[in-house]
Amino acid sequence: MWCKRVSSIPAFELGQQYRLIGDEIGSAVLEILASGRYIGGPTVETFEQQFATYIGTTDCIGCNSGTDALYLALRSLKIGPGDQVITSAFTFFATAETISAVGATPVFVDIEPETFNLDVNQIEAAITDRTKAIIPVHLFGQPVNMTRLMQIAEAHQLWVIEDCAQATGATWNGARVGSIGHIGCFSFYPTKNLGACGDGGAITTNHPDLATQMQQLRNHGQSQQYVYESIGLNSRLDAIQAMILQIKLRHLDDWNAKRQTIADRYDQLLAPLPGVIRPQSPEGGQSAWNQYTIRVTPPSATDDRASYRDRIRELLKQQDVGTALYYPLPLHLQPVYESLGYASGSLPITEQVAHEVISLPMFPELSIEQQEQVVYALKEALNQG
Ligand SMILES: *Cc1c(COP(=O)(O)O)cnc(C)c1O
């Protein structure tokens, strides 16, 4: 059978964006190369100021990755052995990994199936006298209900570190995520909403004392040259990445608006498809749509959910539609966390959703024709699956 196809559609691609701003980036990077200032200096400081202004905080500290941002945030709050930190098990590993890396213990709370985010109503039951902090993850760009979360945190005197890695530009009740909790952690990994051409990250805060701590920790715990106050890291943002991020930051709102248009169009096109559950934004939240993640459920209740989902993905692949699987194995069931003692079934929504999710192609340049092709292919796949 012959079928008209635009071309293959990747889950994500950066080529078109680069063609738009490549010349500008190229000449700016050449200037940095000629300047001889590669680490620190005015280019990094200017980006830090611009990003703090964009997010709406007094301070921004550039660092080497989103993972380091989380680690540095936890360290600045002196969270360590014996402490517990509440977070989601349906997230990228780094969220929990950094809790463990500082010597503390992650405590996982189940999620809401509609938003894939921490179910804030289940947080209080998980608080003990060892709980020090909560890390809400704005997964796929969708903001967590920060009003309720901050109420709980204040009532129990807990720190809040927002994992904003997938949500640069998202807002909750008009405030950018990363400005609501005590600390915001961002990743500039190339596939994030604001992506560098390599690794990069940032931490935002309105607390100058925490900012000072994190500035020192990212630079070996150094308070003045060759004077060390603590055991830190070498985790700096370099000037080339900072320059690229300055240029891309000017486009971010436009790119996020395009992602919103694409999400709206997916919503419309997918509404008639039975067996497809679309992501929902909570009232008050503006998603940054890093991913558009649907859930598919098998027509027969006895079918295995994960193998049905995998079959649908394979059928999409055969029709040249790329998809992504975030995340197949929740963190509480990872081999490394066996010792925490979570049984299968302990986080039922997280576990169910992990068997149902498919992230559809999502990037600002995705065309209407490509989106129609994705949905056509999905319809075919559901018919055959
Ligand atoms: C990408 C990501 C991180 C880690 O960021 P890196 O820059 O890759 O280290 C942390 N948390 C979440 C939710 C992420 O998606």
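Student: What makes you say that domain 1 and domain 2 are in contact?

Tutor: Keep in mind that this is a predicted model. Contact needs heavy atoms within 4.5 Å, and 46 residues of domain 1 meet that with 38 residues of domain 2.

Student: Which residues belong to which domain?

Tutor: The assignment puts 16–249 in domain 1 and 252–384 in domain 2. Their centres, taken over C-alpha atoms, sit 25 Å apart.

Student: How do you know that the protein is as compact as a globular protein of that length?

Tutor: Start with the inventory: ten helices and 15 strands. The radius of gyration is 21 Å and the globule rule gives 21 Å for 385 residues, so the protein is as compact as a globular protein of that length. For the extents, the C-alpha trace covers about 70 × 55 × 35 Å along the principal axes.

Student: And how much of the protein counts as buried?

Tutor: That label goes to 53% of the 385 residues.

Student: What share of the contacts with a separation of 6 or more comes from residues 24 or more positions apart?

Tutor: Such pairs account for 71% of them.

Student: Why is Gly41 called buried?

Tutor: The cut-off for buried is under 20% relative accessible area. Gly41 has 10%, so it is buried. Gly41 sits in the loop between α1 (15–35) and α2 (42–55). Its C-alpha atom is 39 Å from that of Val336, which is 295 residues away along the chain.

Student: Then why is Pro299 called exposed?

Tutor: Exposed means over 50%. Pro299 comes in at 73% relative accessibility, so it counts as exposed. You'll find Pro299 in the loop between β14 (292–296) and α8.

Student: What makes the phi of Asn173 worth a remark?

Tutor: Most residues other than glycine have a negative phi. Asn173 is not a glycine, yet its phi is positive, near 50 degrees. Asn173 lies in the loop between β6 (171–172) and β7 (175–176). With 55% relative accessibility against a cut-off of over 50%, Asn173 counts as exposed.

Student: How do you know that the peptide bond from Tyr326 to Tyr327 is cis?

Tutor: Look at omega: for that bond it is near 0 degrees, and the bond is cis. Most peptide bonds are trans. Tyr327 is found in the loop between α8 (305–318) and α9 (348–354).

Student: Last one: how many positive and negative side chains are there, and how far apart are the centres of the two sets?

Tutor: There are 26 positive and 40 negative side chains, and the two centres lie 3 Å apart.

Technical notes
Residues are numbered from 1 along each chain as its sequence is written. This is a predicted model: local features need pLDDT of at least 70, side-chain atom pairs count only at pLDDT 80 or more; totals for chains, interfaces and linings use all residues. Side-chain values use heavy atoms; hydrogens and water are left out. Helices (H or I, at least four residues) and strands (E, at least two) are DSSP runs, numbered from the N terminus. The radius of gyration is taken over C-alpha atoms; the globule rule is 2.2 Å times the number of residues to the power 0.38. Buried means under 20% relative accessible area, exposed over 50%, partly exposed in between (1.4 Å probe, protein chains only). Lys and Arg count as positive and Asp and Glu as negative; His and the chain ends are not counted. The place of a charge is taken as NZ of Lys, CZ of Arg, CG of Asp or CD of Glu. Domain bounds come from an automatic or database domain assignment.
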